[in-house]
Amino acid sequence: HSVEVGNLAKSAAAAIGADIRLSYAAGLLHDIGKSGNGEDIKSHLKVANAYGLPKNIKTIIVECSGKYRKPASKEAAIVMLADSTVSSVEYIRNTKKDISEEKIIDNVFATRVNNGSLSNSGISLEELYVIKKVFLDKYNC
């Protein structure tokens, strides 16, 4: 899961000129606390601190779910969109529901835009379109 999120985030960041290395690293590490069976942000940050992760990655770990704080950077928003997309695609595939990846991606982007999750990220509508196209291309839609 995290490798796919990292790769998707890296491609999206490259496409809009965001920080590629930060997006990739944060995508790989966004669920780091789950390795210790933790599900809350304190578990994530405890593990991140134990490994000495830099502040910018810890910030994205906090922001990428949208539960604790809205993404305040393009990179955090990219990781949020990548994680939501990968998680949704995995869930639909596991339930064997007949919903296309294109429909899933459309829903992820519409949900995040409509609920205001991306309003502090600095991502423009044009950049969202480019990111969505990257995701659609990655899933061969």
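## The largest pocket

The largest pocket of this predicted model is lined by 15 residues, and those lying nearest its centre are D31, K34, H44, S65 and K67. A pocket here is an open set of points on a 1 Å grid over the protein atoms alone, where a 1.4 Å probe fits and protein lies on both sides within 12 Å along at least five of seven lines, and lining residues have an atom within 4 Å of a point.

The lining divides into 4 nonpolar, 5 polar and 6 charged residues, where Ala, Val, Leu, Ile, Met, Phe, Trp, Tyr, Cys and Pro count as nonpolar, Asp, Glu, Lys and Arg as charged, and the others, Gly among them, as polar.

## Helices α1 and α5

Helix α5 also packs against α1 (residues 2–16), the two axes coming within 9 Å and crossing at roughly 135 degrees, which makes α1 oblique to α5 (angles under 35 degrees count as roughly parallel, over 145 as roughly antiparallel, 65 to 115 as roughly perpendicular and the rest as oblique). Axes are lines fitted to C-alpha atoms over the stretch in contact, and angles run from 0 to 180 degrees between N-to-C directions.

In the contact (heavy atoms within 4.5 Å), the residues from α1 include V5, L8 and I16, and those from α5 include I78, V79 and V86. The residues of this contact divide into 10 nonpolar, 1 polar and 3 charged.

## Helices α6 and α7

Helix α6 (residues 101–114) and helix α7 (residues 125–138) pack at an angle of about 155 degrees with their axes 10 Å apart, and α6 is therefore roughly antiparallel to α7. E102, I105, D106, F109 and V113 of α6 make the contact with L128, I131, K132, F135 and L136 of α7.

## Basis of the model

Residues are numbered from 1 along each chain as its sequence is written, and side-chain values use heavy atoms, with hydrogens and water left out. Local features need pLDDT of at least 70 and side-chain atom pairs count only at pLDDT 80 or more, whereas totals for chains, interfaces and linings use all residues.

Conventions. Helix = DSSP H or I, 4+ residues; strand = E, 2+ residues; numbered from the N terminus.
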